[in-house]
Amino acid sequence: MAFRYQEQVKSLDLASHLSINMHHYEVEDLVFGDYRMDGLDTPETIELLELMTPQNMRLQLIAQSVTTDHNANWYHTPYKIRPITPESLERWQVKHIRSELQLPAPNPFIVADSIARPDRSDVDVPVIVAESTGYRIWHKKDDEFNVPKGHMYLSLDSEQASKTPRHAALTRLYVEMLLDYLTEPTYQAEVAGLSYNIYPHQGGITLHLSGFTGNQETLLALLIQKARERNFTEERFALIKSQLLRSWQNLAQAKPISQLFTSLTVTLQKRSYEPVRMAQVLENITLEDLHNHVRAFYEKIYLEGLVYGDWLVSEAQALGKRLEHILSLVSTPSAESARELVNLRGQGTLLRELAIDHQDSAIIVYYQSATATPEKMALFSLLNHTMSSTFFHELRTEKQLGYMVGTGYLPLNRHPGLIFYIQSPTTGALHLLEAIDEFIADFNYAVMQITNEEWESTKLGLINQVMEHDANLKTRSQRYWVSVGNRDYQFNQRELVVAEITKLTRPDLIKFMMRKMRTKHSDRLVLFSTGEQHRAQAALASDKMITDLKSFKQNADKFNF
């Protein structure tokens, strides 16, 4: 079944995969080799099992506390090799077989033979099939990919999710604890071709289920049951908490440009927080605190979901009713959580410096659209598409300002945005900003030099990117879910954007850059860090420096999405 209903992939990826298989399989098995199972070879299996003894074991320990006496030739990695002591080998000898070691029961999640239903969809895009106060379910039966699979997205919004750094840290900890708690009971589902993920977002958490539809509801019921049990132990709590703390603290060792990208969303989104701040509040959180947070989280919930694939309308409707009933047992209906974004209009050039311990300097310059319309989405995306290669060539190849140089189209909370970024081992933040401003000022002339044929070709290249056909069920479901999150309820935003791209002219781009980008007083946000070797250079300073992020976010005007 896995072979018959595998997801379609790009031709280049398939060719790469098959070339690897050529090293492992005979020619006749290049395509099917990964899936071929001819039965259990009992004698060979027993022979292999008999080799699995303490005497044949190689035990590897990786830890900072290990004492070493050698260094590897190539990477100079410190290591030590020593034989396992006879006492340990004796202790590990099997005296008797434990009764717990038994073959598992038949996997309840395996469907003997699954076939996609032939029922056709009556709609071209997802529609609402179940809705009431506090919840809404979208659905579309797939007619194109013809696989007995489905994708289910369920987003739970709660005002308690991330209203403070402490709430956000607790929500993230809850997600990590829940994923850890679910690992063992969901193993058989994973083996049977079902998978799931849980992740936090600005307003709450999202559950994503995928795989064969035959037992997706069974898996969902198991996930809900275990989530309601929440039998977290102190031991697992301490371990997961320490792992999360280490993960957040290690972000301080990331590349400067990576830290700036994290801080960009933290600076602009009201309910995003610096990892180091969340780590600080997580330090003193207890298991009881976590349970109290989870209870408060579920007191008021807004549920929005998408069911797409080999699901019938009646099944999606019945699922909506069951979810409504389950939620009614633990929570009261609520409105969707607000997603607030700082409005940069009228602010001029705002600067925020991050103290990063690194030799390199780094900078991000972000321009924000004041409106979230197809016209502005087209304008910002075409501007990025037009200038990205030139920006890289001039600042990376010619001026050699850094090895991480680029531009990007970055929508936040639906609002289009354009970023320029550089990480440099040679140049400080002030000169990097001057180089970016100089490029923007000169780019108008580059646009003027483009011929009509080159201009139309540039627009066509972007249109082809925007309208790229969904390769498989997964890609289509992701696009539909993003549309739901962006409130693109007609699911035609990309078509509207393409229509605007076709209308854009070179004077449109030049006019926008002249009015909104060419002046040093443009509305924009500049994030930067100064490398250790550049601190003697002229500093980047301004009377519009953000020094108190909490106060800035509280007092700034915001877009409410």
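**Stop 1: two helices side by side**

Start by selecting I440, F443, N444, V447 and M448 in α13, which meet R506, I510, M513 and M514 in α17. Contact here means heavy atoms within 4.5 Å. Sorted by class, this α13 and α17 contact has seven nonpolar, one polar and one charged residues. (Ala, Val, Leu, Ile, Met, Phe, Trp, Tyr, Cys and Pro count as nonpolar, Asp, Glu, Lys and Arg as charged, and the others, Gly among them, as polar.)

A word on what you're looking at: this is a predicted model, where local features need pLDDT of at least 70, side-chain atom pairs count only at pLDDT 80 or more, and totals for chains, interfaces and linings use all residues. Residues are numbered from 1 along each chain as its sequence is written, and side-chain values use heavy atoms, with hydrogens and water left out.

Now show the whole of α13 (residues 429-449) and α17 (residues 506-516): their axes come within 10 Å and cross at roughly 170°. That makes α13 roughly antiparallel to α17. The cut-offs are under 35 degrees for roughly parallel, over 145 for roughly antiparallel, 65 to 115 for roughly perpendicular, and oblique for the rest. Axes are lines fitted to C-alpha atoms, for helices over the stretch in contact, and angles run from 0 to 180 degrees between N-to-C directions.

**Stop 2: zoom out**

Colour by secondary structure and you get 18 helices and 16 strands. These are DSSP runs numbered from the N terminus, with helices (H or I) of at least four residues and strands (E) of at least two. The C-alpha atoms fill a box of roughly 80 × 70 × 60 Å along the principal axes.

Next, colour domain 1 (11-93), domain 2 (127-333) and domain 3 (343-559); these bounds come from an automatic or database domain assignment. The centres of domain 1 and domain 3, taken over C-alpha atoms, are 46 Å apart.

How much of the chain is buried? Buried residues make up 44% of the 561 residues. Buried means under 20% relative accessible area, exposed over 50%, and partly exposed in between (1.4 Å probe, protein chains only).

**Stop 3**

Select helix α4 (residues 165-182) together with α9: they pack at about 80°, with axes 9 Å apart. That makes α4 roughly perpendicular to α9. To see the contact, pick P165, R166, A168, A169 and L173 of α4, then R277, M278, V281 and L282 of α9. It has seven nonpolar, no polar and two charged residues.

Stay on R277, which sits in helix α9 (residues 275-282). R277 counts as partly exposed because its relative accessibility is 40%.

**Stop 4**

Jump to S331, in the loop between α11 (313-330) and β9 (332-333). Is S331 buried or exposed? S331 is buried, at a relative accessible area of 11%. Leaving aside neighbours within four places in sequence, S331 touches Y298, E299, K300 and I301.

Then try H76, in the loop between β1 (70-71) and β2 (78-79). H76 isn't a glycine, but its phi is positive, near 60°. H76 is exposed, with a relative accessible area of 56%.

Finish at Q400, in the loop between α12 (374-398) and β13 (404-409). Q400 has a positive phi of about 50° although it is not a glycine, and Q400 is exposed at 52% relative accessible area.
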